[in-house]
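Look over the chain below before reading on.

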Amino acid sequence: MFRTKRSGLVRRLWRSRAPVEGDGEADRGGTHGSGGCCMGKATKVAKSNAGSEAELKALTHSILKKIKEKQLEVLLQAVESKGGARSPCLLLPSKVDAKVGQQSYSLPMLLYKVFRWPDLRHSSELKRLSCCESYGKTNPELVCCNPHHMSRLCELESPPPPYSRYPMDYLKPPDSPDSGPSSSDTGGTTYSAPVGLSDSLALQESGERAHWCVVAYWEEKTRVGRLYSVQEPSLDIFYDLPQGNGFCLGQLCSDNKSQLVQMVRAKIGYGIQLTREPDGVWVYNRSCYPIFIKSATLDNPDSRTLLVHKVFPGFSIKAFDYDKAGSLQRPNDHEFTQQPRTGFTVQISFVKGWGQCYTRQFISSCPCWLEVIFNTR
């Protein structure tokens with residue numbers, strides 16, 4: 001039978017849909033942002049009955065066949081690369097509704113459910129990435145339906161993400177005789193910046209274009225490479241990435257022979273996206289594995305301890321709030337008076353967490369981690 005290019009694209013797209021439990025693909029490794037991967041302990045979405053599955057397939061096929069071939073190619077590029085390749089926006093009518101059983105979905109929501117998050121319930125669970133043409137627009141006639149221009153929103157008031165309470169890290173210079181935190185430090189709030197963070201001052205005084213943050217990459221207690229100065233509003237930090245553009249950790253020379261470091265390094269994959277937006281700095285987890293974040297502005301300002309927040313694949317979290325940061329600068333607070341002059345820091349660990357609920361008490365024991373140093377001037 002003669003098959004058109006359009007029907008071939010539609011079939012490839014359906015085969016690349018987000019897996020649900022029971023279809024033989026839900027447990028496959030390497031998925032980026034599938035329902036089971038994102039939700040962690042929240043159970044995988046149960047496979048629907050044969051009737052609703054057939055209805056969903058028929059509905060999806062009928063909608064996709066109405067989309068232009070060029071748009072289908074854009075959608076296929078985004079879905080098959082799982083967000084690894086930068087794909088353009090997919091602008092489609094926002095007010096077209098589709099019905100599956102008794103449930104009605106807008107066209108964007110249907111595509112997000114089919115190709116990324118089968119468990120998605122409401123658009124309020126989503127955050128549009130700043131790279132998208134529809135970012136910041138309200139009720140346009142056309143809206144971007146590219147599933148990889150969206151992320152799930154981390155709500156700190158309810159799980160996910162789980163977290164652990166822990167005392168402030170105390171990091172001594174890595175070349176000091178007793179580098180690493182001692183047990184006597186666990187009750188304190190003193191924070192000493194690791195050696196090398198003063199490089200950010202040189203960046204600031206060298207006459208370069210003003211940066212809003214610098215990023216340091218660490219493997220356990222050793223910083224790898226120089227500080228990466230960030231001037232653009234968005235930065236991808238990754239280990240390997242098709243058509244990658246940003247801070248490539250895989251290009252840094254590391255002498256670390258630890259098997260754990262090697263294993264975690266291989267799992268960084270697409271890594272994270274760091275974006276400065278009007279309401280603060282957001283971190284989007286693009287990898288297949290959780291990341292862990294510590295930031296003073298994520299927690300109650302009256303708390304004596306900070307939290308380590310677990311962010312699942314496909315989720316975004318506002319890791320830094322400039323307004324909150326300003327109110328936290330109290331003159332007698334060691335946490336802030338001991339910070340580098342460039343401002344506050346956020347710490348992000350790939351794959352492995354730290355704190356009281358983990359075997360690693362301090363981030364300096366994590367295999368691969370980042371320190372993001374904000375310029376609040």
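What does the accessible surface of the chain come to, and what share of it belongs to carbon and sulfur atoms? The accessible surface is about 17,800 Å², and 50% of that belongs to carbon and sulfur atoms (Shrake-Rupley method, 1.4 Å probe).

This is a predicted model, in which local features need pLDDT of at least 70 and side-chain atom pairs count only at pLDDT 80 or more, while totals for chains, interfaces and linings use all residues. Residues are numbered from 1 along each chain, and side-chain values use heavy atoms, without hydrogens and water.

The chain has 9 helices and 19 strands (DSSP runs: H or I of at least four residues for helices, E of at least two for strands, numbered from the N terminus). Of its 377 residues, 52% are buried (under 20% relative accessible area, 1.4 Å probe, protein chains only).

The table lists two nonpolar cores (sets of buried Ala, Val, Leu, Ile, Met, Phe, Trp, Tyr and Cys residues joined through side-chain atoms within 4.5 Å).

| Core | Residues | Members include |
|---|---|---|
| Largest nonpolar core | 37 residues | Val215, Val283, Ile293, Ile348, Phe350 |
| Another core, apart from it | 29 residues | Leu75, Val79, Leu111, Leu120 |

Asp321 sits in the loop between β17 (315-320) and α8 (322-328). Asp321 is buried, with a relative accessible area of 11%. A polar atom of the Asp321 side chain lies 3.0 Å from the backbone nitrogen of Lys324.

Terms used
Buried < 20%, exposed > 50% of the residue type's maximum accessible area, 1.4 Å probe, protein only. Polar contact = N/O pair within 3.5 Å; in protein donor to acceptor, adjacent residues only side chain to side chain.
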